[in-house]
Amino acid sequence: MVAVLPQMWDGVLELRPVIPSDLVQLLPLCVEHAAYEGSTIHENDQVMRWNSAFFGTPPQLYGWVCSEGGHLGAVLKGYITASISISTWSAKPYVFLDCIYLKPIIRRMGIGRSMLMTLREFARGQGCQEIQWQTILSNETGSAFYSSLGAIPVTKTRWSLPVE
């Protein structure tokens with residue numbers, strides 16, 4: 001994993017890579033994120049599976065968190081997660097941004113932009129030339145933010161097929 005130096009806001013908020021002790025706090029943030037998108041998730045051993053995904057060799061999932069200060073047990077205020085995939089059409093790797101979420105109280109502070117710039121540096125370090133993601137159609141604030149970064153919308157419908 002590419003080393004990313006923590007970034008600080010007012011000496012209180014820090015953006016840094018996920019560490020194992022963050023995983024318990026990640027679940028409530030994911031629940032908030034799902035609710036924001038009009039969905040629900042429930043605890044089903046995510047922490048155990050995240051531990052393998054984030055810290056296995058090689059990692060299957062990469063992530064950064066926004067926390068209050070740099071001490072252990074600091075309260076998480078947001079997160080961004082991604083994985084590396086390969087495009088069949090181009091046969092080139094790309095980073096897939098799975099989730100980005102900030103608690104409403106810390107939005108519009110430049111943290112989301114820093115998260116995406118951190119992910120951009122990570123992508124470069126992994127030899128990827130592109131980051132892809134999706135958002136719900138009703139997320140007008142997010143869409144405006146992504147456009148401000150120079151991102152280009154690609155219209156598709158995402159489908160999900162349960163295998164059980």
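In this predicted model, the largest nonpolar core is made up of 20 residues, and Ile80, Met115 and Leu119 have the most contacts inside it. The largest share comes from H3, with six residues.

Setting aside its neighbours within four places in sequence, methionine 115 is in contact with Leu15, Cys66, Gly78, Tyr79, Ile80, Ile100, Tyr101 and Leu102. There is also a second, separate core, this one with 15 residues, and Leu27, Phe54, Leu76 and Tyr79 are among them.

Proline 58 itself sits in the loop between helix H2 (46-55) and S3.

Two other loop residues have a positive phi without being glycine. For aspartate 45, phi is near 70°; this residue is found in the loop between helix H1 (23-36) and H2. Its relative accessible area is 44%, so aspartate 45 counts as partly exposed. Arginine 108, with a phi of about 65°, belongs to the loop between S5 and H3. Here the relative accessible area comes to 80%, and because exposed means over 50%, arginine 108 falls in the exposed class.

Notes
Residues are numbered from 1 along each chain as its sequence is written. This is a predicted model: local features need pLDDT of at least 70, side-chain atom pairs count only at pLDDT 80 or more; totals for chains, interfaces and linings use all residues. Side-chain values use heavy atoms; hydrogens and water are left out. A nonpolar core is a set of buried Ala, Val, Leu, Ile, Met, Phe, Trp, Tyr and Cys residues joined through side-chain atoms within 4.5 Å. Buried means under 20% relative accessible area, exposed over 50%, partly exposed in between (1.4 Å probe, protein chains only). Helices (H or I, at least four residues) and strands (E, at least two) are DSSP runs, numbered from the N terminus. Contact means heavy atoms within 4.5 Å.
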